[in-house]
Amino acid sequence: MDISYLYFTFSGVFNAVVSTLLGLLVYFKDPRSQVNKTLSLFCFGVAMWSYAYIFWPLSQTAEETLLYFQLLHIGACFVSIFYLHFVVIWLNLYQAQKKIIIFGYLTSAIFSLLVFSPHFIKGMVPKFSMYFWAEPGVLYHFYLLNFFGWFFYSCYLLLKHLRQAEGVKKMQIKLILLGMALSFLGGSTNYFLWYNINIPPYGNILASSFVIFSAYAIIRYKFLDIRVIATEAALLVMNILLFFRFIISSSLMEWIINSVTLVGLLFLSLVLLRSVKREIRRREEIQKLAADLKAVNEKLVELDKAKSEFLSIASHQLRTPLTIIKGYISMIQDGDYGPVPNPKIGEVLSNVYQSNEHLIHLVNDFLDVSRIDAGRTEYKFEKVDLKDILEEVVKQNANRIKEKGLKLKLAIAKNLPRITADVEKIHHAVFNFLSNSIKYTDKGFIKTELFRDGNWLVCQISDSGIGLSPADKENLFQKFYRSENAQQKLVEGVGLGLFVCRKLIEGHRGEVFAESPGVGKGSTFGFRLPIK
Ligand code: ADP
């Protein structure tokens, strides 16, 4: 017998064993999954075809060979439609492709019966070095059309999805297509002799690549990372090589060395694979966390925007009536509607005026914040003298300082350069800092300083007031932050003033700062602006 006959039988055994084992493995991995069920069906189709393939090279008579050829083709009839079925289920296309699948099963079933017709195989003739090879009848061409038709259709569906697929799915499709290509490359040699091309089925051994790659892609989908695949492939090759060395060991010594090395390599392979997988899984978890965080962050930004819009609308609606109230109270106080009947009513009016002022201030803060959040703050830059602004703010607050019995110190350096700034915004910031110092200081002093520090102009206001804790320093200048002692002292604050100040100063490329030796020990607030 020709040695190639042995090779053909061996390739049949190889394909049969591999596809049977993988079919069982895929099925028992998840018996309820449709994907696993259809894939194992495909594996068993290939297995049936391979079992018959084992025997045709060994058969001695034309009748026997014909029988194995016929059995082989019954298996082959279903292989392609099983494959399409699996692809359709896996790609979630069953509803859309249902009719095509049913039609595919029908045509394949018909051909599986027609294999016994004399129009499928006309007879047996010697070809190449084979004693018996089948002569194709007219039905055989149609059978091939059915066989390749369903494969190419599966291939078309896979390629179509490859373009939209991402990540693991993309890798799976690529692997499955690669297996398909290898199987075709090898398996196509099975058909040359039928059409009198003198190439025997040497490539048959590759026919089960299909099964191997598909099963790998489906079972190992969690680890379809190219690094894992490369590690697994390299380790497999090394282990197989060492295994062969172990088999061909010629002396006891060699046998011992090879077996110890093999066991060592196997152990190392397992450890290495596990660590590669763990690393990849960890990285995937981090990626997922980062994606979740990003999504939550986007949601927060959206919410923040909605809140700012609400604040802006509400504040605009409040400002008009508050300004009208202010106007009327002023007019009553000025006697525009006749003299105020008694001093008690005058006092009440003054209180109402103060509360109204407080509300206007609050609404203005809200409006400032919403403008800042929406990036709508407009600056009118011009050359200004910070000294003028500081003096004006001090003048505006002189009465409040005096009423509280605080000592005011003013230290403005001489010959300070003018800088480019928005007068109104800087005025707003200085006013806020000084006003806070007055608010949070009951006795002692308030010191206002303006000086040059390198390329900066520094404006700072120190006081002997309630001071700050280290934790406060971290959070000051954030929206709505108020220290605990400030909350006890003054209930009505909202913690927006410093936030607005910071944003306005940053709008000038400047910086704000706050220092304090501790709670109850006074503090220094201020900002620096670049001279150029
Ligand atoms: P509000 O004064 O309405 O609370 P601000 O934004 O102006 O809001 O101030 C935020 C917080 O910073 C205050 O609640 C207070 O805790 C702290 N703070 C501001 N200025 C001083 C100061 N001069 N001394 C001590 N703490 C201050």
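Student: By class, how many nonpolar, polar and charged residues are there in the lining of the largest pocket?

Tutor: This is a predicted model, in which local features need pLDDT of at least 70 and side-chain atom pairs count only at pLDDT 80 or more, while totals for chains, interfaces and linings use all residues. Residues are numbered from 1 along each chain as its sequence is written, and side-chain values use heavy atoms, with hydrogens and water left out. On a 1 Å grid over the protein atoms alone, a pocket is an open set of points with protein on both sides within 12 Å along at least five of seven lines, a cavity is a set of points where a 1.4 Å probe fits but cannot get out, and lining residues have an atom within 4 Å of a point. Ala, Val, Leu, Ile, Met, Phe, Trp, Tyr, Cys and Pro count as nonpolar, Asp, Glu, Lys and Arg as charged, and the others, Gly among them, as polar. Here the lining of the largest pocket has 16 nonpolar, 17 polar and 8 charged residues.

Student: What is the volume of the second largest pocket, and which residues are the closest to its centre?

Tutor: A volume is the space filled by probe spheres set on the grid points, which are joined across faces, edges and corners. For the second largest pocket this is about 950 Å³, and of its 25 lining residues I212, Y216, E232, A233 and L236 are the closest to the centre. By class, that lining has 19 nonpolar, 2 polar and 4 charged residues.

Student: How many cavities of 30 Å³ or more does a search of the whole structure find?

Tutor: The search finds 3, and the largest cavity has a volume of about 240 Å³. Among its 16 lining residues, W49, F147, F151, G187 and A207 are the closest to its centre, and the lining divides into 11 nonpolar, 5 polar and no charged residues.

Student: Which residues touch the most other members of the largest nonpolar core?

Tutor: In soluble globular proteins, nonpolar side chains tend to be buried together. A nonpolar core is a set of buried Ala, Val, Leu, Ile, Met, Phe, Trp, Tyr and Cys residues joined through side-chain atoms within 4.5 Å, where buried means under 20% relative accessible area (1.4 Å probe, protein chains only). In this structure the largest core holds 70 residues, of which F42, Y83, F86, W90, Y143 and L158 touch the most other members.

How values were computed:
Buried means under 20% relative accessible area, exposed over 50%, partly exposed in between (1.4 Å probe, protein chains only).
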